[in-house]
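Here are some notes on the model you sent. They take the sheets in turn, then a single residue, then the helices.

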Amino acid sequence: MSSEHHTTDTGVKSGDGHQPHRAHHGAHGGPDDRHVDHDTHGGHDKHAGHDPDMFRQLFWWNLALAIPVAVFSEQLQSWFGYTLDQTLTTWVPPVLGTVVYLLGGRPFLTGAIAEIRSRAPGMMLLIALAITVAYTASLVTSIGLSDLDFWWELAALIAVMLLGHWQEMKAIGQARGALAALAELLPDTAERVDADKTTTVRIDELRVGDTVLVRPGGRVPADGTITDGTAAFDEAMITGESRPVDRTSGDTVIAGTVSTNSSVRVTIDALGEDTALAGIQRLVADAQQSQSRAQALADRAAAALFYLAITAAAVTAIAWTFAGQPSEGVVRVVTVLVIACPHALGLAIPLVTSISTATAARNGILIKDRLALERMRNVDAVLFDKTGTLTHGNHAVTDHIAVDGRDADDVLGLAAAVETESEHPIARAIVDAATGTLPDAKNITSLTGIGVQGTIDNNRIAVGGPALLDHLNLTEPDTIQVKADDWRKAGSSVLYITENNTVIGALTLADQIRPESPTVIDDLHQRGVHVALITGDATQVANHVAGQLGIDEVFADVLPADKDAKVTELQNRGLTVAMVGDGVNDAPALARADVGLAIGAGTDVAIESAGVILASSSPQGVVNTIDLSKATYRKMIQNLIWATGYNLLAIPIAAGALAFAGMNIPPAVAAIAMSLSTIVVAANAQTLRRLKLS
């Protein structure tokens, strides 16, 4: 395919169709996702450095230990009417219960210490107090100084809390590989030209002034100037340009861009931190660091519950002591701490999050950042990258015409015949658009910067843009000019077909709008969302697409730094912004937005910079994510109301507020009440699985 095809303004972004070289960079990508910095999560994550695997292993080990503790408990034997060996009944619960306390309780105990040190008491400290009181009371009972047996409640409490934290850790954190993915755009090596030979060197051995050879399909190792050769470069990762751009001697090329069709020699002008790619890396880093560090709802509720429970326990101890029943006060204090221990509150958020992420995955929505899902319910502006998001992102023949006396389909077939040997996207689009059997074309050659030509039945057929007409000293026939003007007004490109130096037809190529895009925009408007379009394409292309879809605002001819700035501009208006994109050039904007959504077919960088990935590549996922976010939030609030409401009601009763009426809650009943509240929360969270998304 000729480079003239590349110079037509199709409004189609080719994207980064080349796979990043991973032989070296891939070996040391982003940090292990399992070891995210939990301190950024707030009070519930003072157990920093722990990961889902740790909680999973601890849960199963402690569950295995908790079962014999419960089976050999005297209380359970009494309740269920069975009797086991007395020696085992005496020793199994305290021995295994101690192991459970020290092994399974360790994350909560260390988390409690961290909360004390940071002067931010919360859920971890409350859990630690509850299991420590239960352990101490049980231990005192086992040595014969009391009759308060809490071994099985202790074991159950720790096992359930480990389960909750295991689920929570799975839902926490945002992958942090965007910068590593950007680095992967650079090749590991370059071919340095030394006199009349080339030497393969590592890119860190290059120096400003060196000349390198960039072969077809190869990436430019550093910013530089072409000194020999002409090639079409895929610059989508830098400019968002919708098609390869012709570069020749004297033109500047950017590190990471791809020569699509020819070899060129490039003299290095900038390396390392001075390259445009490094600038994009800095934009991504700055945008990520500017993200707010949200505090989870459960952590705030747990902090309030902590003070409530401690106050209630202290008041209980004082009240019963002054009433002359200090021993009953100990029982009531233990009951308060046990019943207030946030089983349900610990699961209220992570269980809903876990189920909602699974529901999302079944609908092609992959949640990488749990806070991104929570924020989507508040989004009031969605900024779409045009190409590959609202459009298919590839060339397609949308219309064709022939001069009077010629059949338009036959003329299109002639064009397709001379394009059959080319792998260029435009050539493939022309071939795909032709119907029927194509005639045989011979002597196919490329006219550099002009088009492509061949011979069919002894007639010379050529295909190209305006440069072809200039080359042949031709003008548009009147029958074609009217139609071509309409195409150009819509921002589409025009290619001409000539036969023996006479124009016989024309065709237009454009990026096709996805069939679901109009519905998506309508759905967003119905939800009161402001919809904006951002693209590196020309203004007329962007306006044409926006007009067809009813989009509220358009940002065209936008470079990567400006995309990031446009997100900030919308945010400065007081809007909560979701950015939807698929390219490397979208990465800074995806990171800067309140929520970044990456189309799954996009590049690794876009995916790594986003909190939500739309695996199906359909913009419908944006609407579904908003709906899922709202449903998830409702379940979170319902669970929090139940979990906190249960405690507000249960704590006074556990403290003995209704003792005058003969209503006391034994510690064992308090443990059962905890379990029941957890079941209610879990059952309510499960109803989220029935949510229907489009």
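Two strands are said to pair if DSSP finds at least two bridges between them. The model is a predicted one, and the points below should be read as describing that prediction.

1. Strand β13 and strand β14 (residues 451-456) run antiparallel and are joined by four bridges. Across this pairing, K442 stands opposite T455 in β14.

2. These strands belong to an open sheet of six strands, in the order β12-β17-β16-β15-β14-β13, with antiparallel pairing. Its edges are β12 and β13 (442-447), each of which pairs on one side only. On average, neighbouring strands of the sheet are turned by 20° against each other, direction ignored.

3. D399 is a residue of strand β12, which spans residues 391-402. Is D399 buried, exposed or partly exposed? Its relative accessibility is 24%, so D399 counts as partly exposed; the buried class takes values under 20%.

4. Leaving aside residues up to four places away in sequence, D399 touches K483, W487, L507 and T508. With W487 there is a side-chain polar contact of 3.3 Å. K483 lies 84 residues from D399 in sequence, and the C-alpha atoms of the two are 9.6 Å apart.

5. There is also an open sheet with the strand order β2-β1-β3-β9-β4-β7, made of six strands with antiparallel pairing. Here the edge strands are β2 (197-202) and β7 (252-253), each pairing on one side only.

6. Within that order, β4 sits between β9 and β7. Strand β4 (residues 223-228) pairs with strand β9 (residues 264-270) over five bridges, in the antiparallel sense. I226 stands opposite V266 in β9.

7. How do helix α20 (residues 517-526) and helix α25 (residues 620-655) cross? Their axes come within 8 Å and cross at roughly 30°. That angle makes α20 roughly parallel to α25, because angles under 35 degrees are classed this way. The crossing of α20 and α25 is left-handed.

8. On the α20 side, the contact between these two helices is made by V520, D523 and L524. On the α25 side, Q620, V622, V623 and I626 make the contact.

Definitions and conventions: Residues are numbered from 1 along each chain as its sequence is written. This is a predicted model: local features need pLDDT of at least 70, side-chain atom pairs count only at pLDDT 80 or more; totals for chains, interfaces and linings use all residues. Side-chain values use heavy atoms; hydrogens and water are left out. Buried means under 20% relative accessible area, exposed over 50%, partly exposed in between (1.4 Å probe, protein chains only). Contact means heavy atoms within 4.5 Å. A polar contact is a pair of N or O atoms within 3.5 Å; within protein, one must be able to donate a hydrogen and the other to accept it, and residues adjacent in sequence count only if both atoms are side-chain atoms. Axes are lines fitted to C-alpha atoms, for helices over the stretch in contact, and angles run from 0 to 180 degrees between N-to-C directions. Angles under 35 degrees count as roughly parallel, over 145 as roughly antiparallel, 65 to 115 as roughly perpendicular and the rest as oblique. A crossing is left-handed if the near helix is turned anticlockwise from the far one by less than a right angle, and right-handed if clockwise.
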